[in-house]
Amino acid sequence: MKMKYNKNFDNLVDNYLFSTIRAKKRAYEEAHPKTKIVNLGVGDVVGGLSQTVVEAMQKAVGDYLSPATFKGYPPEQGYEFLRESIARYYSRLGVNLSTSEIYISDGAKSDIGNVLDLFEKTTSLIPNPVYPAYVDTNLIRGNKIKFMEGRKENNFLPLPDFSDKNSYLIYLCSPNNPTGAVYDKKQLSLWVDYANQNHSIIIFDSAYESFIRGDYPRSIFEIEGSRTCAIEISSFSKRAGFTGLRLGFSIIPNELEVQKKKIGKLWLRRQSTRFNGVSFVIQKGGEASLSEKGSRECTRQVDYYLENAKILKDLFTNLGYDVVGGVNAPYLWIDCKKDSWEFFDYLLEKHQIVGTAGAGFGSLGKNFFRLSAFALREDVEIAKERLTKGGI
Ligand SMILES: *Cc1c(COP(=O)(O)O)cnc(C)c1O
């Protein structure tokens, strides 16, 4: 038998989204070297990090000097001090977790892909438009995908179809990337009821929970019944600026079972086989970000992005566009009334503003445009001035 590669890779659609954006931006810069381009296209934080977090990490590095305080391999599930801090954070949301239900990782994206190791090949229910990693990880695994439609009519918040009795892995991301839409408690309760009825599992991505200021659930575990049907995947990337440091976690309730098998046990086995943990320094930084002072500093940074989002939302609304998101979320989802790549070129040429073409997030994004509030205020102000003066 000759070696064969995993043919599932042939099912991936080449994702040229961010490379195309980079290429277009670079071409424009080369042709107009004196013009400043305002980049509202990326989903990465701009920093700087909280003082409390940086100091905690500096102190932790010092521990490596002496054998007495040196740290080797971290515990498989993550340091207890960090899991305790996370549990305390959740208790303030009214969610009681045991530290045994919290699994530290190097980021939400890893867990999103890795969680598929726990289940037989299946069909996944995935929104369209969507964060591309959900689709691609399922295709590589050989899973089938059933898309659920996010449209203006449902405020980009698909709800369960109770007439469909199949079991699925159900992907929910709230606040959403790319649309910025946020599920309320009643809507999430429908999903939890549906999942429990059909023996489905909800994969709840709460990467943007820290942007919620209104009365919306920050965790799926605020919903009654969720402990028997949900896994929550979360991250320090957006709430504390850890995109480059790498820290996330998954929550798997002790009750969560499939065919009487405890999913948390499978996950721990999977992680201890394939993963050797996150460094002590980074976990100390994560702990500091959850301290009273660290939380305050991180919240201030998130507030700054939310203010950017508000400026951009008011701007595009005043220009006559329908805008979803931008409240309780760092992303604005703009009905650009034309092909999203056309709109991309237009904004770049006319105003030297870069966003993200909605087409890159699925077929239903093709006439929408994502703007990111992860930017410096001065850049947002420049964008505002250009658009206000020059029109659109
Ligand atoms: C940014 C983001 C994450 C976070 O990923 P990390 O690997 O923790 O940096 C997860 N989910 C979505 C939808 C995101 O946009």
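Guide: The following conversation covers the sheet, the helices, the nonpolar cores and one serine. Please keep in mind that this is a predicted model.

Visitor: In what order do the strands of the open sheet come?

Guide: The order is E2-E8-E7-E6-E5-E3-E4, seven strands in an open sheet with mixed pairing. Strand E2 (102-105) and strand E4 (144-149) are the edge strands, and each pairs on one side only. On average, neighbouring strands of this sheet are turned by 20 degrees against each other, direction ignored.

Visitor: Do E5 and E6 run parallel or antiparallel, and how many bridges join them?

Guide: Strand E5 (residues 169-173) and strand E6 (residues 201-205) run parallel, joined by five bridges. Leucine 172 stands opposite phenylalanine 204 in E6.

Visitor: Which strands does helix H8 touch?

Guide: Helix H8 (residues 263-274) packs on the sheet and touches E2, strand E7 (230-235) and strand E8 (248-251). The direction of H8 makes about 25 degrees with that of E2.

Visitor: Moving on to H10: how far does that helix reach from its first C-alpha to its last?

Guide: Helix H10 (residues 292-318) reaches 38 Å with its 27 residues, close to the 39 Å expected at 1.5 Å a residue. Glycine 320 follows H10 and has a positive phi, near 95 degrees.

Visitor: Which residues have the most contacts inside the largest nonpolar core?

Guide: They are Leu40, Ile86, Ile170, Leu172, Trp191, Ile202 and Phe316, in a core of 81 residues. Another core, of 23 residues, lies apart from it, and includes Val115, Cys173, Ile203 and Ile231. As a general point, nonpolar side chains tend to be buried together in soluble globular proteins.

Visitor: What is tryptophan 191 in contact with, leaving aside its neighbours within four places in sequence?

Guide: Its partners are Leu125, Met148, Pro158, Leu159, Pro160, Ile170, Leu172, Tyr183 and Ile202.

Visitor: How far apart are serine 340 and glycine 113 in space?

Guide: Serine 340 and glycine 113 are 28 Å apart, C-alpha to C-alpha, and 227 residues apart in sequence.

How values were computed: Residues numbered from 1 in each chain as written. Predicted model: local features only at pLDDT ≥ 70, side-chain atom pairs only at ≥ 80, totals over all residues. Heavy atoms only, no water. Pairing = 2+ DSSP bridges. Helix = DSSP H or I, 4+ residues; strand = E, 2+ residues; numbered from the N terminus. Axes fitted to C-alpha atoms, helices over the stretch in contact; angles between N-to-C directions. Contact = heavy atoms within 4.5 Å. Expected span 1.5 Å × (residues − 1). Core = buried A, V, L, I, M, F, W, Y, C linked by side-chain atoms within 4.5 Å. Buried < 20%, exposed > 50% of the residue type's maximum accessible area, 1.4 Å probe, protein only.
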